[in-house]
Amino acid sequence: DFQALRQRDFLFRLLSVVWPKAGDKGGRVILAMWGVSIARVLLLLASARIGRVLNRAIYSGDFRGAGKMAAIIVAGSAAVNGAHDALVTRLTLDFRSKLSDYLVTPYLRNNNFYHIGEGAMERPIADAEDRICSEVQTISTKLADMTDMFVRSVPVISLFTVYTAYNHGVL
């Protein structure tokens, strides 16, 4: 049962904190990541085509059009990779901001930072603020990377599934 898993699973709880709400800036970032992923798939198809064109050009000695097409693909790939990196960084910052707000607000409320302890003797946690900052950064980066892997892989898997089914028939 999805609802039961959602209550117990730590990853679901983390995602419920950081995941963008409708109309949120993070949601627009994820939509842009989908667009970049689709552009990446189209460039992948174009690069496969240019490979065939370059093979023909090598054997025939006629390089007209091949160089221009290759340059366009290289420039497009550089732009797509730059946009991808910027979007993942932006998503990481968005996740980090939400997670920081979620953790730091209760920590600062009613001077709780004076009362946080660990163990049976309730000795104070050394460098609690530093630990929160470093863990929030690590978790935010990993959640953004996980989201990126999903967003990046779905268009490629979909494309090659459709391509295989079209060219080789459905299993």
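How many salt bridges does the count come to? In this predicted model, the count comes to three salt bridges.

The secondary structure comprises five helices and two strands. Along the sequence these elements follow the pattern α-α-α-α-β-β-α. Of the 171 residues in the chain, 22% are buried. The chain exposes about 11,900 Å², and carbon and sulfur atoms supply 63% of this area. Among contacts with a separation of 6 or more, 74% are between residues 24 or more positions apart.

In soluble globular proteins, nonpolar side chains tend to be buried together. The largest nonpolar core of the present model has 19 residues. Those with the most contacts inside this core are Val18, Met33, Leu91, Phe95, Leu99 and Leu143. Helices α2, α3, α4 and α5 each supply at least two residues of the core, and α4 gives the most, with six residues.

Helix α2 spans residues 10-18, and Leu14, Leu15, Val17 and Val18 are buried in this helix. Viewed down the axis of α2, the buried residues fall within an arc of 155°, so they line one face of the helix. Leu143 is in contact with Leu14, Leu15 and Val18, as well as with Leu11 and Phe95, when its neighbours within four places in sequence are left aside. Val18 and Phe95 are, like Leu143, listed among the core residues with the most contacts.

Leu11 also takes part in a nonpolar patch on the surface, formed together with Met146 and Met149. The three residues of this patch have about 250 Å² of accessible area together. Met146 is placed in helix α5, which covers residues 128-168. With a relative accessible area of 31%, Met146 is partly exposed.

Turning to the charged side chains, Asp24 and Lys98 meet in a salt bridge with an N to O distance of 2.5 Å. Asp24 lies in the loop between α2 and α3 (25-60), whereas Lys98 belongs to helix α4 (residues 66-108), so the pair ties together parts that are 74 residues apart in sequence. Asp24 is partly exposed, at 23% relative accessibility. Lys98 has a relative accessible area of 19%; because residues under 20% count as buried, Lys98 is assigned to the buried class.

A salt bridge also joins the side chains of Lys98 and Asp94, at 3.6 Å from N to O. These two residues are four positions apart in helix α4 and are thus separated by about one helical turn. Asp94 is buried, as is Lys98. Asp24, Asp94 and Lys98 are accordingly linked in a network of salt bridges.

The side chains of Asp148 and Arg152 form a further salt bridge, with an N to O distance of 2.9 Å. Both residues lie in helix α5, four residues apart, or about one turn of the helix. Asp148 is buried at 5% relative accessibility, while Arg152 is partly exposed at 32%.

Technical notes: Residues are numbered from 1 along each chain as its sequence is written. This is a predicted model: local features need pLDDT of at least 70, side-chain atom pairs count only at pLDDT 80 or more; totals for chains, interfaces and linings use all residues. Side-chain values use heavy atoms; hydrogens and water are left out. Buried means under 20% relative accessible area, exposed over 50%, partly exposed in between (1.4 Å probe, protein chains only). The arc is that of the directions from the helix axis to the C-beta atoms. Patches are made of residues with over 30% relative accessible area and no salt bridge: like charges are joined within 9 Å, nonpolar side chains (Val, Leu, Ile, Met, Phe, Trp, Tyr) within 5 Å. Accessible areas come from the Shrake-Rupley method with a 1.4 Å probe; for residues, only the protein chains shown count as cover. A salt bridge is a side-chain nitrogen of Lys or Arg within 4 Å of a carboxyl oxygen of Asp or Glu. A nonpolar core is a set of buried Ala, Val, Leu, Ile, Met, Phe, Trp, Tyr and Cys residues joined through side-chain atoms within 4.5 Å. Contact means heavy atoms within 4.5 Å.
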